[in-house]
Amino acid sequence: MDARSDRVTAYIGLGSNLDGPREHVSRALKELDTLPLTHLAGYSSLYASAPVGPQDQPDFINAVACVSTRLSPLALLDQLQALEQRHRRVRQRHWGPRTLDLDLLLYADLQWQTSRLTLPHPAMHERAFVLVPLAELAPEVTLAGKTSATLAKHHNSAGLHRLLP
Ligand code: ROI
């Protein structure tokens, strides 16, 4: 496995809207702590969110987690995809419902573009279901020169509700 000698901080977006989504997201948060060379450093509240994209699907549960890892970006992506598969990820159609979606949002301050992975995640700055939990967890983290708190504040977060633990 591709490891680095130093630890870096990475942020991961979690989403689910099938088969007990709250349970999928809660379990996945704990499982992030069990990935090799990785530990869970923090996580946001869970949020219920109206679907972005096709509307004929259930609401999502979303959250953002922060991990400290020695995995390279692609090794971390491999681990996240394996974790999705362990939740028997089903994705019936593009932008359709899924049991578990794990998006690598930020990896240190790396800007990167390859066929498998773009960092920061190319859609994160336009998605309230990512920005609002990220701003709760890490208000000072910056994206294209703006803090997550500023980006979240200027975003329409109608349809997004923080859930009580
Ligand atoms: N909509 C919401 N609210 N939350 C998601 O996690 C989510 N994920 C997706 C699409 C289909 C874009 N819509 C979403 O992949």
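This is a predicted model: local features need pLDDT of at least 70, side-chain atom pairs count only at pLDDT 80 or more; totals for chains, interfaces and linings use all residues.
Guide: Local features here need pLDDT of at least 70 and side-chain atom pairs count only at pLDDT 80 or more, while totals for chains, interfaces and linings use all residues. Residues are numbered from 1 along each chain as its sequence is written, and side-chain values use heavy atoms, with hydrogens and water left out.

Visitor: Why is Ser 49 called buried?

Guide: Ser 49 has a relative accessible area of 3%, and buried means under 20%, exposed over 50% and partly exposed in between, with a 1.4 Å probe and protein chains only, so Ser 49 is classed as buried.

Visitor: What makes the pairing of the Ser 49 and Asn 62 side chains a polar contact?

Guide: The two side chains come to 2.7 Å, and a polar contact is a pair of N or O atoms within 3.5 Å, where within protein one must be able to donate a hydrogen and the other to accept it, and residues adjacent in sequence count only if both atoms are side-chain atoms.

Visitor: Which residues are in contact with Ser 49, leaving aside its neighbours within four places in sequence?

Guide: Taking contact as heavy atoms within 4.5 Å, they are Asp 59, Phe 60, Asn 62, Phe 129, Gly 159 and Leu 160.

Visitor: How do you know which residues of the lining of the largest pocket are nonpolar, polar or charged?

Guide: Ala, Val, Leu, Ile, Met, Phe, Trp, Tyr, Cys and Pro count as nonpolar, Asp, Glu, Lys and Arg as charged, and the others, Gly among them, as polar, and the lining divides into 13 nonpolar, nine polar and eight charged residues.
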